[in-house]
Amino acid sequence: MFGEAFQRRYALSDQGLRNTRKGAFWTVAVNLVVMGGMGILYRMMQDFMNTLTDGAPLPNALVYMLLVLAFLVLSFATHIQQYKATYGLVYGEVKATRLSLAERLRKLPLGYFGKRDLADLTETIMGDVNRLEHVWSHCLGYLYGSYLSTAVIAVALFVYDWRMALSVLWGVPVAFALLFGSRTVSRKNSEKLKQDSLQVSDGIQEVLENIREIRATNQEGHFLQTLNEKIDRQEKTNIHGELATGLFVNSASVIMRLGVATTILTGTSLILSGQINFMLLFLFLLVITRIYAPFDQALALIAEMFISQVSASRLNEITSAKTADGAEQFAPQGHDIEFRNVCFSYDNKQVLKGVSFTAREGEVTALVGPSGSGKSTCARLAARLWDPDSGTITVGGVDITGVEPEVLLRDYSMVFQDVMLFDDTVMENIRLGRHGASDEEVLAAARAANCDEFVEKLPKGYETSIGENGAKLSGGERQRISIARALLKNAPIVLLDEATASLDVENETRVQEALSRLLAGKTVLVIAHRMRTVEAADRIVVLADGKVAEQGTPADLMSRKGIFHHMTQLQSGSAKWKI
Ligand code: ADP
């Protein structure tokens with residue numbers, strides 16, 4: 001019952017599993033002690049009855065008092081232990097789970113975060129763990145302990161009188177069968193509810209994002225109506241779900257309680273036919289008051305238990321994802337990046353099909369090719385944001401899959417299109433390049449990246465806060481901040497994704513100047529979009545459909561009159577046409 005499958009189903013840590021066992025053990029103890037109490041009551045009743053009917057002498061009152069006292073002490077002690085083992089221990093478990101999740105996330109390949117929705121991940125760390133916490137503390141130990149103690153008590157009842165035992169207990173399996181049958185319904189419904197909720201939040205986001213167009217075209221009425229319909233649908237699904245669960249849970253509870261009626265019926269008919277005496281019926285009625293109680297709580301929580309299994313499987317998905325580990329040391333011989341026969345797929349879709357090329361130190365290697373040909377993927381693999389399916393990528397002769405990503409990335413600067421800026425000052429945003437850099441160093445890097453000219457125009461210069469994700473800056477300005485960061489870091493390898501966003505001529509020249517300062521002497525891998533960069537590159541790798549179609553110096557490739565030559569012609573043609 002408390003094996004590995006159980007641990008996985010409720011996403012318990014090893015400690016959590018031990019705690020749940022403890023919780024279950026003390027729950028069994030509590031329930032058995034309570035039954036012991038019932039036994040005392042039963043004995044007392046029997047003695048009184050004997051006195052009444054046969055005139056037998058009453059036993060010493062002191063014996064009863066001692067028994068009751070022992071019961072109270074035991075009951076108190078077991079309850080305290082049960083409380084400690086369920087509620088008390090769980091809070092530590094929640095903390096440990098969150099920490100181990102965070103640690104796990106830190107070790108996952110960075111590409112994992114590109115694949116998964118970040119809101120979804122946050123929801124797992126906070127929401128799912130919260131939901132599970134409630135199940136760990138309020139349900140698991142308690143519920144499984146109750147199953148066990150009921151089984152023990154059931155055996156005892158059957159030993160006393162199997163007919164009576166059957167009339168007490170028949171409802172329990174029927175109620176549970178009904179509930180487990182309802183699981184499919186509740187699962188389907190929660191799936192539908194998730195879809196409906198997603199539609200509502202997407203709808204709201206759509207309205208907010210397009211508010212200007214919507215107003216300009218007088219479409220408010222139409223958009224609000226569609227949104228209204230979506231919200232209505234979500235509400236209906238919600239109500240249906242609650243209703244269905246409520247219906248099943250309450251029917252199950254009623255069926256279980258029918259046991260009281262059948263016990264009285266069976267009991268009286270057995271008494272009438274002289275097969276049992278009244279005291280046995282009394283004993284069973286006493287037991288009945290207690291035997292349903294734990295199940296009642298279980299029934300109330302059963303919907304939560306079902307939902308928690310979805311949470312647990314989301315948690316398990318994170319904990320079973322492959323981590324990117326490796327050595328803490330990285331001592332390459334130079335910084336040439338070499339791809340050897342690299343294959344890579346995203347979710348079964350093969351994107352790179354045996355790519356081989358070398359980007360040498362001190363040279364600019366440009367990746368060229370149509371959109372979707374795998375250029376960005378190559379850059380991501382070079383920084384170990386993902387690991388290749390087969391083939392190797394080495395930096396200075398060292399296979400990067402053997403190096404801890406954090407250590408590896410110390411040697412990389414990345415200047416990508418989607419520059420991540422934080423709602424902080426310009427100064428602090430640049431300082432992110434190298435933790436602990438002095439103000440002078442930051443300013444020097446900013447100057448070299450041509451940031452001075454636009455920062456001076458900001459109200460507080462480098463101390464100006466740039467708004468959430470740099471909302472107050474233009475594309476070219478954002479990119480210069482990211483170049484300044486890279487300059488500050490001064491890593492030997494630079495991965496550069498040229499902006500396709502249209503920069504004005506002045507901005508573009510400034511960015512180019514900043515870049516040429518950054519790139520000098522480094523191993524540079526650039527995803528090139530402009531012919532200017534491509535022509536200035538030392539080496540060009542043309543990718544087409546996940547394979548290297550051509551490679552060589554620009555002059556080589558031009559004279560070969562292949563794809564590269566064709567692309568150059570096309571671009572200069574369209575440039576002419578634009579003018
Ligand atoms: P390029 O940079 O040359 O435009 P990419 O390397 O970005 O090409 O993409 C290559 C292919 O891989 C494309 O078909 C793209 O749709 C797919 N792809 C890129 N990123 C992902 C991702 N995170 N998940 C799934 N598929 C992806």
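Let's start with a word you'll meet a lot: a residue is buried if its relative accessible area is under 20%, exposed if that area is over 50%, and partly exposed in between, using a 1.4 Å probe and the protein chains only. Arg163, for instance, counts as partly exposed because its relative accessibility is 27%. What you're looking at is a predicted model, where local features need pLDDT of at least 70, side-chain atom pairs count only at pLDDT 80 or more, and totals for chains, interfaces and linings use all residues. Residues are numbered from 1 along each chain as its sequence is written, and side-chain values use heavy atoms, with hydrogens and water left out.

**Around the ligand**

- Which residues surround the ligand? They are Tyr346, Lys349, Val351, Pro370, Ser371, Gly372, Ser373, Gly374, Lys375, Ser376, Thr377 and Arg380; to be near a molecule, a residue needs one of its heavy atoms within 4 Å of it.
- By class, this shell has 3 nonpolar, 6 polar and 3 charged residues. Here Ala, Val, Leu, Ile, Met, Phe, Trp, Tyr, Cys and Pro are nonpolar, Asp, Glu, Lys and Arg are charged, and the others, Gly among them, are polar.
- Now for some polar contacts (pairs of N or O atoms within 3.5 Å; within protein, one must be able to donate a hydrogen and the other to accept it, and residues adjacent in sequence count only if both atoms are side-chain atoms). A side-chain N or O atom of Lys349 is 2.8 Å from an oxygen atom of the ligand, and a backbone N or O atom of Gly374 lies 3.0 Å from a ligand oxygen atom.
- On its own, the ligand has 560 Å² of accessible area, and the protein covers 69% of that. Accessible areas come from the Shrake-Rupley method with a 1.4 Å probe, and for residues only the protein chains shown count as cover.
- E2 and H12 are the elements that give two or more residues to the shell, and H12 gives the most, with 4 residues. Such names come from DSSP runs numbered from the N terminus: helices are H or I with at least four residues, and strands are E with at least two.

**Aromatic pairs**

- The structure holds 10 aromatic pairs. Rings of Phe, Tyr and Trp (its six-membered ring) pair if their centres lie within 6.5 Å; planes under 30 degrees apart are stacked, over 60 edge-to-face, and the rest tilted.
- Why is the pair of Phe339 and Phe357 called stacked? The ring centres are 4.6 Å apart and the planes sit at 15°, so the pair is stacked.
- This pair links distant parts of the chain, 18 residues apart: Phe339 is in strand E1 (residues 337–346) and Phe357 in strand E2 (residues 349–359). Both Phe339 and Phe357 are buried.
- Tyr346 and Trp386 make an edge-to-face pair, with 5.9 Å from centre to centre and 85° between the planes.
- Tyr346 belongs to strand E1, while Trp386, 40 residues apart from it, is in the loop between helix H12 (375–382) and strand E4 (390–395).
- Tyr346 is partly exposed because its relative accessibility is 23%, whereas Trp386, at 15%, is buried.
- Ring pairs also tie Phe6, Tyr10, Tyr144, Tyr147 and Phe176 into a cluster.

**Salt bridges**

- How many salt bridges does a search of the whole structure find? There are 13, each with a side-chain nitrogen of Lys or Arg within 4 Å of a carboxyl oxygen of Asp or Glu.
- Asp161 and Arg163 meet in one of them, at 3.1 Å from N to O. Asp161 is buried, with 7% relative accessibility.
- Asp161 also caps the N-terminal end of H6, with a side-chain oxygen 2.9 Å from the backbone nitrogen of Arg163. Buried residues in helix H6 (residues 162–169) include Met164, Ala165 and Leu169.
- Arg384 and Asp387 form another salt bridge, at 2.8 Å from N to O. Arg384 is buried at 3%, but Asp387 is partly exposed at 21%.
- In the salt bridge between Asp439 and Arg431, the closest N and O atoms are 2.8 Å apart. Salt bridges with shared partners join Glu428, Arg431 and Asp439 into one network.
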